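Student: Could you walk me through how to read a few features here?
Tutor: Gladly; let's look together.

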Amino acid sequence: MRLGWMALALAALPAAALAEPDLTGFWNLSFEAGASDPALLAKLPPDTVVLADTGAAEFPRLEFGGLRLKPEALEHARTWRAEDEMTLQKVCLPPSIVYSVQGPFPFEVEQTHDVLVFRYEYYDQVRVIFMDGRGHPPADAPHTKMGHSIGRWDGDELVVDTTHIAASTITNNGLDHSDQVHMVERYKLSADGSRLEATQWFEDPLVLDNNGARFIQWVKQPGQHVYPYECDPSFVLEYQATGDADEAGQ
């Protein structure tokens, strides 16, 4: 009788209580992405535009995929020059997770019940997602490029809420976010566990008059691992020398 009661009790539990989806492994960006998941997109908040710059794609100058910039942010973008970033002081500074998560580099996931660790190849960045029910720290706590992430399971979807992100890049053409940016992601495994899909939503009341999002897909590659990025700023000297030679030849 006792075994029968336990079986009935387990059957009555939600699926998420029985087994959390396992995201552990090596994930590489899908360069043959399929259609966006309408169920994930339907959960994005109102007044959100989905940007088409996932992977290696980048917007041209003064194109922001439908994001509406506040005047100060737009003026900054108008005066921004890519060559100003190619200096010894700036070239190896990592972007924030707002830009890193959608790039063409792979990442690895290590998962336990209380914490997930995302190891990104891009700039050797490491992100910790707390799953133990804690909240975010006070507003005046330190801000970092990875921010402070707390997660929860919503059925078979991992929902990650991130705050305390240091000011950095939204799109690689002069649109930067402030340290008040707020990001929410939803991760979902395919039925066979071979693909991982996500929406990345963000808001920044100091920079944007609407909200942005991206839809991203990765494929699982067992046996692979991330490589050291080890950014070497000295390559800027070669870049600058090439530019000087081009100007001299004109």
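Student: Is Thr162 buried or exposed?
Tutor: Buried means under 20% relative accessible area, exposed over 50%, and partly exposed in between (1.4 Å probe, protein chains only). Thr162 has a relative accessible area of 0%, so Thr162 is buried. A word on the source: this is a predicted model, where local features need pLDDT of at least 70, side-chain atom pairs count only at pLDDT 80 or more, and totals for chains, interfaces and linings use all residues. Residues are numbered from 1 along each chain as its sequence is written, and side-chain values use heavy atoms, with hydrogens and water left out.

Student: In which strand is Thr162 found?
Tutor: Helices (H or I, at least four residues) and strands (E, at least two) are DSSP runs, numbered from the N terminus. Thr162 belongs to strand 7 (residues 157-163).

Student: Which residues is Thr162 in contact with, leaving aside its neighbours within four places in sequence?
Tutor: Contact means heavy atoms within 4.5 Å. On that basis the partners of Thr162 include Arg127, His136, Met146 and Glu185.

Student: Which cysteines does a disulfide join?
Tutor: A disulfide is a covalent bond between the sulfur atoms of two cysteines; the rule here is a pair of cysteine sulfur atoms within 2.5 Å. Here Cys92 is joined to Cys231, S to S 2.0 Å. Cys92 sits in the loop between helix 4 (71-79) and helix 5 (97-100), and Cys231 in the loop between strand 12 (211-220) and helix 6 (235-249), so the pair ties together parts that are 139 residues apart in sequence. The link of Cys92 and Cys231 is left-handed, with -80 degrees about the S-S bond.
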